[in-house]
Amino acid sequence: QVQLVESGGGSVQAGGSLRLSCAASGSIFSINFMGWHRQAPGKQRDWVAITRGGSTNYADSVKGRFTISIDSAKNTVYLQMDSLKPEDTAVYYCNVNLRSQRYASSQNYWGQGTQVTVSS
């Protein structure tokens with residue numbers, strides 16, 4: 001079993017910063033990638049950022065403002081969000097693709113979601 005626990009959401013004014021964390025625990029043999037998605041009210045869940053094999057990629061809407069990073073020793077992924085805008089308001093979900101055992105197939109896991117609210 002694998003568990004993802006998110007933390008760090010909250011409310012902030014436009015221009016402010018927040019840092020999200022997502023810690024993976026349980027049966028983990030190897031991690032393929034870790035990333036973040038978000039879902040605003042009434043909208044579909046959108047990809048935000050991903051880190052894989054030392055490389056990172058970002059959605060155009062957050063490029064230059066958000067930074068994804070990992071602590072491999074802790075199996076934790078972070079999302080540093082700076083210069084926040086009201087349109088960043090959403091529930092943020094971490095996403096981890098991993099293998100639980102050496103010869104197991106890769107599986108996707110999702111965090112429980114954490115609310116980020118940015119006021120103007």
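Two strands pair if DSSP finds at least two bridges between them. Helices (H or I, at least four residues) and strands (E, at least two) are themselves DSSP runs, numbered from the N terminus. The model is predicted: local features need pLDDT of at least 70, side-chain atom pairs count only at pLDDT 80 or more, and totals for chains, interfaces and linings use all residues. Residues are numbered from 1 along each chain as its sequence is written, and side-chain values use heavy atoms, with hydrogens and water left out.

An open sheet of four strands, paired in the antiparallel sense, runs in the order S1-S3-S8-S7. Its edge strands are S1 and S7 (66–71), each of which pairs on one side only. On average, neighbouring strands of this sheet are turned by 15° against each other, direction ignored; the axes are lines fitted to C-alpha atoms (for helices over the stretch in contact), and angles run from 0 to 180 degrees between N-to-C directions.

The pairings within this sheet can be followed from S1. Strand S1 (residues 2–7) is joined to strand S3 (residues 18–26) by six antiparallel bridges, and Leu4 faces Ala24 of S3 there. S3 in turn pairs with strand S8 (residues 76–81), again antiparallel and over six bridges. Leu18 has Met81 in S8 as its bridge partner, while Cys22 stands opposite Val77 in S8.

Cys22 also takes part in a covalent link. A disulfide is a pair of cysteine sulfur atoms within 2.5 Å, and a search of the whole structure finds one. The sulfur atoms of Cys22 and Cys94 are 2.0 Å apart in this disulfide. The torsion about their S-S bond is about 45°, so the disulfide is right-handed. Because Cys22 lies in strand S3 and Cys94 in strand S9 (residues 90–99), the pair ties together parts that are 72 residues apart in sequence. Cys22 is buried, at 0% relative accessibility, and Cys94 is buried at 0% as well. Here buried means under 20% relative accessible area, exposed over 50%, and partly exposed in between (1.4 Å probe, protein chains only).

Strand S9 leads on to a further set of pairings. S9 and S11 (114–119) pair in the antiparallel sense over three bridges, with Val91 opposite Gln115 in S11. Strand S2 (residues 10–13) pairs with S11 in the parallel sense, over four bridges, and Ser11 stands opposite Thr117 in S11. The two faces of S11 can be told apart: Thr114, Val116 and Val118 form the covered face, and Gln115, Thr117 and Ser119 the uncovered one.

The interior comes next. A nonpolar core is a set of buried Ala, Val, Leu, Ile, Met, Phe, Trp, Tyr and Cys residues joined through side-chain atoms within 4.5 Å. The largest such core has 28 residues, of which Leu4, Trp36, Val48, Phe66, Leu79, Met81 and Tyr92 touch the most other members. At least two residues of this core come from each of S1, S3, S4 (30–39), S5 (45–52), S7, S8, S9 and S11. S9 gives the most, with five residues.

Two arginines sit over aromatic rings. A charge counts as sitting over a ring if NZ of Lys or CZ of Arg is within 6 Å of the ring centre and within 35 degrees of the ring normal. Arg19 lies over the face of Tyr78, at 4.0 Å from the ring centre. For Arg45, the charged end is over the ring of Trp110, 4.8 Å from its centre.

Some loop residues remain. Most residues other than glycine have a negative phi, and most peptide bonds are trans. Asn75, in the loop between S7 and S8, is not a glycine but has a positive phi of about 50°. Asn75 is partly exposed, at 24% relative accessibility. Ser83 likewise has a positive phi of about 50° without being a glycine; it belongs to the loop between S8 and S9 and is partly exposed, with a relative accessible area of 42%. Gly53, in the loop between S5 and strand S6 (55–58), is exposed, with a relative accessible area of 85%. The C-alpha atoms of Gly53 and Ser72 are separated by 11 Å, and the two residues are 19 apart along the chain.
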